[in-house]
Amino acid sequence: MKSVLIIGLGGFGQHLCKKMVELKNEVMIVDEKAEKVEELMPIVTNGQIGDCTNVEVLRSIGVNNFDICFVCIGTNFQSSLEVTSLLKENGAKYVVSNATRDIQAKFLLRNGADEVIYPDRDIAQKAAIRFSANHVFDYIAINSEYSIFEIPVASEWVGKTIKEVNFRARYKVSILGIKKNDATKLMPMADHEFDAKEHLMVIGQIEDVKRLLKNFEYETNKKNRK
């Protein structure tokens with residue numbers, strides 16, 4: 001469990017707050033708009049209405065007491081920059097600020113941010129990859145080369161074990177886990193037998209996973225020709 005400060009309760013800040021609480025973290029929220037703070041007060045540890053570009057507001061919060069401070073001011077970059085700088089000047093241990101462009105990230109990092117995230121860009125990239133493929137249920141980027149994909153079980157694998165399919169050697173992709181209904185089995189053994197109702201969480205180079213996905217395109221085309 002960590003102590004978390006979230007400044008700015010736009011769409012991203014609200015979702016971040018709810019997930020942080022769900023993960024059993026202690027969360028304090030701050031926003032200029034009273035209604036946004038009041039809406040989340042029943043679930044957070046503490047909340048405050050105020051403008052964090054005012055150094056006195058930040059000092060009253062005691063930002064040095066939090067493990068992580070998130071700056072989620074998405075509509076006013078100047079305010080985001082000021083708050084990021086003031087947080088570090090007042091002893092914040094770790095500051096994460098959000099940006100929409102690379103130039104914003106550069107300024108945020110120069111002004112004290114320990115890390116910069118791109119929520120809109122990341123969601124757009126994830127959606128583009130997921131919905132441009134017919135057989136991807138979910139997708140998590142690790143870096144520019146490697147990703148995790150959630151994919152179905154190919155008909156040719158059903159009833160065979162991971163070892164019999166020779167999965168890793170054949171596709172150059174590793175199986176991290178197997179999902180069926182609401183249950184997830186991590187790091188399955190080589191003698192696991194594939195079921196048509198399962199989803200596989202596979203990790204590998206993006207190009208290798210794309211080649212693997214061509215198996216499903218072939219299956220679909222084969223069925224359509226019949």
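# Close-up views of a predicted protein chain

**Figure 1. The whole chain, piece by piece.** Along its principal axes, the C-alpha trace spans about 70 × 35 × 30 Å.

A quick note on what you're looking at: this is a predicted model, where local features need pLDDT of at least 70 and side-chain atom pairs count only at pLDDT 80 or more, while totals for chains, interfaces and linings use all residues. Residues are numbered from 1 along each chain as its sequence is written, and side-chain values use heavy atoms, with hydrogens and water left out.

Figure 2. Of the 226 residues in the protein chain, 42% are buried. Buried means under 20% relative accessible area, exposed means over 50%, and partly exposed is in between (1.4 Å probe, protein chains only). The protein chain exposes about 13,200 Å², and carbon and sulfur atoms supply 50% of that; accessible areas come from the Shrake-Rupley method with a 1.4 Å probe, and for residues only the protein chains shown count as cover. As for charge, there are 31 positive and 31 negative side chains, with the centres of the two sets 8 Å apart. Here Lys and Arg count as positive and Asp and Glu as negative, while His and the chain ends are not counted. Each charge is placed at NZ of Lys, CZ of Arg, CG of Asp or CD of Glu.

Figure 3. How many disulfides does the structure hold? The count is 0, where a disulfide is a pair of cysteine sulfur atoms within 2.5 Å. Cys 17 is in no disulfide, and its nearest cysteine sulfur, that of Cys 72, is 9.7 Å away. Cys 17 is also buried, at a relative accessible area of 0%.

**Figure 4. Pro 119 in helix α6.** Look for Pro 119 in helix α6, which covers residues 119-132. Is Pro 119 buried or exposed? Its relative accessible area is 12%, so Pro 119 is buried. Not counting residues up to four places away in sequence, Pro 119 touches Phe 12, Asn 98 and Ala 99; contact means heavy atoms within 4.5 Å. Tyr 146 is 27 residues from Pro 119 along the chain, and their C-alpha atoms are separated by 19 Å.

Figure 5. Lys 24 lies in the loop between α1 (11-22) and β2 (26-31). Its phi is near 70°, a positive value in a residue other than glycine, and Lys 24 is exposed, with a relative accessible area of 62%. Asn 166 lies in the loop between α7 (162-165) and α8 (167-171). Phi of Asn 166 is near 60°, again a positive value in a residue other than glycine, and this asparagine counts as partly exposed at 44% relative accessibility. Asn 181 is in the loop between β9 (174-180) and β10 (183-186), and is exposed, with a relative accessible area of 72%.

Figure 6. Where is Leu 200? You'll find Leu 200 in strand β11, residues 199-205. Leu 200 counts as buried, at 0% relative accessibility. Leaving aside neighbours within four places in sequence, its contacts include Phe 149, Ile 151, Trp 157, Phe 167 and Phe 194. Asp 51 is 149 residues from Leu 200 along the chain, and the C-alpha atoms of the two are separated by 46 Å.

Definitions and conventions. Helix = DSSP H or I, 4+ residues; strand = E, 2+ residues; numbered from the N terminus.
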